Every structure is written in C-alpha cells, then in structure tokens.
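User: Hi, I'm new to this one. Could you walk me through it?
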Amino acid sequence: VIEVFASVKKAYALTNAKFGFLSEQEAQAIAAECDVLAHDPKSLKVELWQSDLTLLNTCFAQMVSEKTSVDVKKISLLQSIQDISQTVENIVIYRRLNQLIDDVAYMQKELTAKACEFKDEIRLMRTHLMESAVGTWGQTFGALALSVNRVRERLSTHRPLYCQVVLGHSLFGVSIAA
C-alpha cells in the first residue's frame with residue numbers, strides 16, 4: 001500500500017510541476033523522497049490505518065516535508081484523499097489479482113502435467129451417486145486442472161474493473177450551493 005501510495009504522490013508532484021503549481025525543484029525533491037519511501041516502506045511509521053488513508057497521507061506529507069523542506073501543503077496540493085484512496089486501492093487490488101491469476105495458471109499447468117504423468121495409474125473412484133467406478137489418477141488431476149482453469153478465467157474477467165480510476169472528481173466535481 002505504501003509503495004503504491006508513494007507512486008501516486010510522486011505522480012501528483014510531477015503533474016503539479018508540469019502545470020506550474022510546484023517548482024521543478026520542489027517536484028523533483030518530492031519525487032525522490034517518494035522513491036525512497038516506495039523502496040523502504042517500513043521507514044514510514046504509521047500506527048493506525050484508516051479506511052481512507054487519511055492518517056497515512058498526513059504522516060507521509062510530514063515526513064516528506066521534513067526530508068525535503070517543501071511545505072506540507074505543497075506536498076498535498078490539489079489532492080483529494082478520497083481519490084488517492086480509491087486509486088491506491090485499485091492499483092493494489094489489480095497487482096494482487098494479477099499475481100493470483102499467475103499463481104492459478106501455474107497450478108493449472110502443474111495439475112495438467114500430473115494428469116499426463118498419472119494417466120495410466122488406476123484408482124477406485126466414487127460417482128456422485130456413490131457408486132464405485134474405475135478411473136485413473138490422470139483423470140482426477142485433469143478434472144482438477146479444468147476446474148482451476150475455470151477459476152482463472154473468472155478471475156481474469158475482474159481485471160478490467162481495476163484498470164481505471166477517476167482522479168480529481170472529488171475535488172473538482174463538487175459544487176456548493178449558496
């Protein structure tokens with residue numbers, strides 16, 4: 001979470017510099033510190049996690065400010081913690097989902113290999129009606145491989161849900177009626 005959070009904060013700093021809201025020097029200092037925190041997340045001490053990452057944002061901004069001498073307000077310039085939280089959540093879930101899909105694909109490959117390896121090994125099986133049947137261990141492993149493949153396919157359908165985020169909608173999409 002901290003690694004992804006640091007990447008998002010770095011992107012904000014660099015984007016704010018492109019639009020002239022931060023000096024290039026300030027943006028580069030923030031980006032460099034974000035890289036440090038992304039590679040050593042344990043250096044950021046956060047005792048309490050909130051669902052929207054408010055405390056993490058505060059601790060992060062203070063730590064970066066201390067290390068870079070850039071004002072805390074500039075580090076969080078034009079940023080909505082709700083947007084950052086959703087973005088971090090989506091990126092973390094997307095990465096974990098990809099890892100899970102890769103792991104399930106590996107499991108399927110290994111089960112398929114076992115199905116070939118044990119294709120001639122006879123075993124006594126039970127049908128759904130609890131009748132005895134003769135089959136092979138290869139059939140058993142093959143059936144498991146097919147089942148695991150269906151799980152992998154279902155997981156893959158969820159990936160697009162986490163590919164898009166809307167940054168700035170909370171900050172710029174709200175109007176206040178007088």
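User: Where does phenylalanine 21 lie?
Analyst: Phenylalanine 21 lies in the loop between H1 and H2; helices here are DSSP runs (H or I, at least four residues), numbered from the N terminus. Keep in mind that this is a predicted model: local features need pLDDT of at least 70, side-chain atom pairs count only at pLDDT 80 or more, and totals for chains, interfaces and linings use all residues. Residues are numbered from 1 along each chain as its sequence is written, and side-chain values use heavy atoms, with hydrogens and water left out.

User: How exposed is phenylalanine 21?
Analyst: Phenylalanine 21 is partly exposed, at a relative accessible area of 46%. Buried means under 20% relative accessible area, exposed over 50%, and partly exposed in between (1.4 Å probe, protein chains only).

User: Which residues form a nonpolar patch on the surface?
Analyst: Phe19, Phe21 and Leu78 do, and together they have about 330 Å² of accessible area, computed by the Shrake-Rupley method with a 1.4 Å probe, where for residues only the protein chains shown count as cover. Patch residues have over 30% relative accessible area and no salt bridge, and nonpolar side chains (Val, Leu, Ile, Met, Phe, Trp, Tyr) are joined within 5 Å, like charges within 9 Å. A salt bridge is a side-chain nitrogen of Lys or Arg within 4 Å of a carboxyl oxygen of Asp or Glu.

User: Now the inside. How many residues has the largest nonpolar core?
Analyst: That core has 26 residues, and Phe5, Ile30, Phe60, Ile84 and Val88 have the most contacts inside it. A nonpolar core is a set of buried Ala, Val, Leu, Ile, Met, Phe, Trp, Tyr and Cys residues joined through side-chain atoms within 4.5 Å.

User: Which elements give two or more residues to this core?
Analyst: They are helices H1 (2-18), H2 (24-39), H3 (54-68) and H5 (81-117). H1 provides the largest share, eight residues.

User: And what is isoleucine 30 in contact with?
Analyst: Leaving aside neighbours within four places in sequence, isoleucine 30 is in contact (heavy atoms within 4.5 Å) with Ala13, Leu22, Val64, Thr68, Val70 and Ile75.

User: On to rings. How many aromatic pairs are there?
Analyst: There are four, where rings of Phe, Tyr and Trp (its six-membered ring) pair if their centres lie within 6.5 Å; planes under 30 degrees apart count as stacked, over 60 as edge-to-face and the rest as tilted.
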